[in-house]
Amino acid sequence: MNEYEQKVAQELKQWEIEMCKRPSLWNKATKSVQTKINEKIPQKVHDVITASMKQMIKATLIGSKYTTKRTIKFTADLRERDYKFQDRLAFYKKTAAVEGAGTGAGGILLGLADFPLLLGIKMKFLFEAASIYGLDVRDYRERIFILHVFRLAFSDPHKRKEAYEKVVHWKETIKEFPEHPNSIDQLNWQDLQQDYRDHIDLIKMLQMVPGLGAIVGAYANYHFLDDLGQVAKNCFRWRLLTDEKNKKIINKKHPL
């Protein structure tokens with residue numbers, strides 16, 4: 001392992017600590033409020049939102065325009081991949097900010113349209129990021145990994161450690177899914193959509209306030225892409241450094 005990879009390995013150890021720490025008092029208070037709000041929403045509404053989000057994500061996971069990306073040549077070192085990743089993350093953050101400003105300026109109706117548009121930007125970014133770090137996104141199992149990265153990025157703080165362990169123990173996690181693309185149906189989609197909505201709901205409500213929508217929309221979307229980018233970078237770095245084919249196992253006793 002070269003000097004740069006050793007530096008990244010240390011960053012991954014710090015990231016592990018961050019992902020596994022206990023929820024803060026603020027997290028617990030926020031969760032309590034969100035739970036009370038969600039309990040007042042009829043189950044039929046939850047079912048509709050869950051089904052809609054499931055279909056949007058499934059369409060992305062199997063869409064040819066996402067799964068035909070080519071990986072960067074395997075001779076590229078980690079430093080080169082990180083550089084390319086940061087360049088693409090900057091592009092997607094700007095794209096998300098422009099989209100958020102446009103829908104935010106349009107009031108409630110366009111504000112509602114922001115949900116699927118932003119989700120599409122996030123998934124497209126994840127596919128490109130995965131390709132940069134050498135994952136073959138044509139393989140549906142890698143697309144399931146991408147979905148777990150998404151889940152970790154927007155997970156409830158109380159479930160973050162569990163979501164993290166699903167990623168770093170990937171060889172065990174993937175055994176839960178039969179070798180068929182439809183195996184993603186067995187995910188707990190309601191938990192996924194609820195965690196995602198809880199993560200973005202408050203600030204997205206502010207996006208619909210007249211006079212604030214464009215500013216809040218641009219800031220929020222930029223921020224969400226940045227959060228996703230930091231988690232994605234570490235997940236894909238981890239996959240690259242712990243890939244046995246490259247003989248770069250950081251620690252045989254523990255993924256990090």
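Predicted model: local features only at pLDDT ≥ 70, side-chain atom pairs only at ≥ 80, totals over all residues.
**Exercise 1. Cysteines**

*Solution.* 
- Step 1: buried means under 20% relative accessible area, and exposed means over 50%.

**Exercise 2. Helices α1 and α8**

Classify the crossing of α1 and α8, then describe their contact.

*Solution.* 
- Step 1: α1 spans residues 3-20 and α8 spans residues 160-168. Their axes come within 8 Å and cross at roughly 140°.
- Step 2: roughly antiparallel requires an angle over 145 degrees, and roughly perpendicular covers 65 to 115. The two helices are therefore oblique to each other.
- Step 3: α1 contributes Trp15, Glu16, Met19 and Cys20 to the contact, and α8 contributes Arg160, Lys161 and Tyr164.
- Step 4: by class, this contact has four nonpolar, three charged and no polar residues.

**Exercise 3. The largest nonpolar core**

Find which residues of the largest nonpolar core touch the most other members, and trace the contacts of Leu126.

*Solution.* 
- Step 1: the core has 56 residues. Phe125, Leu126, Phe150, Leu152 and Phe236 touch the most other members.
- Step 2: the elements giving two or more residues to this core include α1, α8 and α10 (189-207). The largest share, eleven residues, comes from α11.
- Step 3: set aside residues up to four places away in sequence. Leu126 then touches Ile146, Val149, Phe150, Leu228, Ala232 and Phe236.

Notes:
Residues numbered from 1 in each chain as written. Heavy atoms only, no water. Axes fitted to C-alpha atoms, helices over the stretch in contact; angles between N-to-C directions. Helix = DSSP H or I, 4+ residues; strand = E, 2+ residues; numbered from the N terminus. Parallel < 35°, antiparallel > 145°, perpendicular 65-115°, else oblique. Contact = heavy atoms within 4.5 Å. Nonpolar A, V, L, I, M, F, W, Y, C, P; charged D, E, K, R; others polar. Core = buried A, V, L, I, M, F, W, Y, C linked by side-chain atoms within 4.5 Å. Buried < 20%, exposed > 50% of the residue type's maximum accessible area, 1.4 Å probe, protein only.
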